Amino acid sequence: MRKVDWVGDSHKRIKEFPEDVQWSIGNTLRMVQGGETPTNVKPLKGVGSGVFEIVERHRGNAYRAVYAVQIGEKIYVLHVFQKKSKVDIKTPKPDIDLIKQRYNQAQDLAKDDSEE
């Protein structure tokens, strides 16, 4: 089982989600830790290699958790957010910018881990 590392405020933010959504995202991450590719996961393009998005819907709302699997030995949860836009299917630019920043941060964290 690979370890999950929460980057930035991702762990704090997921605790603000409805319990059903927290449970579903947690269960999906456990499956990923075991090497599976769950059906509610899709690649997130334009950030980096091995970045995926967990897609959850709950009572008409859309929730997302973005993680990276090809950085070192861990799974890095880069960002957790509720998608507000009902019109546009794309992830909003501020969220993409934050995901890219945290992807770079996760790469630095993995490099530090490998040097220990």
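This is a predicted model: local features need pLDDT of at least 70, side-chain atom pairs count only at pLDDT 80 or more; totals for chains, interfaces and linings use all residues.
Residues are numbered from 1 along each chain as its sequence is written, and side-chain values rest on heavy atoms, with hydrogens and water left out.

The chain has three helices and five strands, assigned as DSSP runs (H or I over at least four residues for helices, E over at least two for strands) and numbered from the N terminus. Along the sequence these elements follow the pattern β-α-α-β-β-β-β-α. For 116 residues a compact globule would have a radius of gyration near 13 Å, and the 14 Å of the chain agrees with this; the radius is taken over C-alpha atoms, and the globule rule is 2.2 Å times the number of residues to the power 0.38. Along the principal axes, the C-alpha atoms fill a box of roughly 45 × 30 × 25 Å.

Of the 116 residues, 45% are buried, where buried denotes under 20% relative accessible area, exposed over 50% and partly exposed the range in between (1.4 Å probe, protein chains only). Among contacts with a separation of 6 or more, 51% join residues 24 or more positions apart, a contact being defined by heavy atoms within 4.5 Å.

Within α2, the buried residues are Val21, Ser24, Ile25, Gly26, Thr28, Leu29, Val32 and Gln33. The buried residues of this helix pack against β1 (4-6), α1 (10-14), β2 (41-43), β3 (51-58), β4 (61-68) and β5 (75-83). Just after α2, Gly35 adopts a positive phi of about 95°.

Asp95 lies in helix α3 (residues 93-115) and is classed as buried because its relative accessible area is 17%. When residues up to four places away in sequence are not counted, Asp95 touches His79 and Phe81. The C-alpha atom of Asp95 is separated by 20 Å from that of Asp108, which stands 13 residues apart from Asp95 along the chain.
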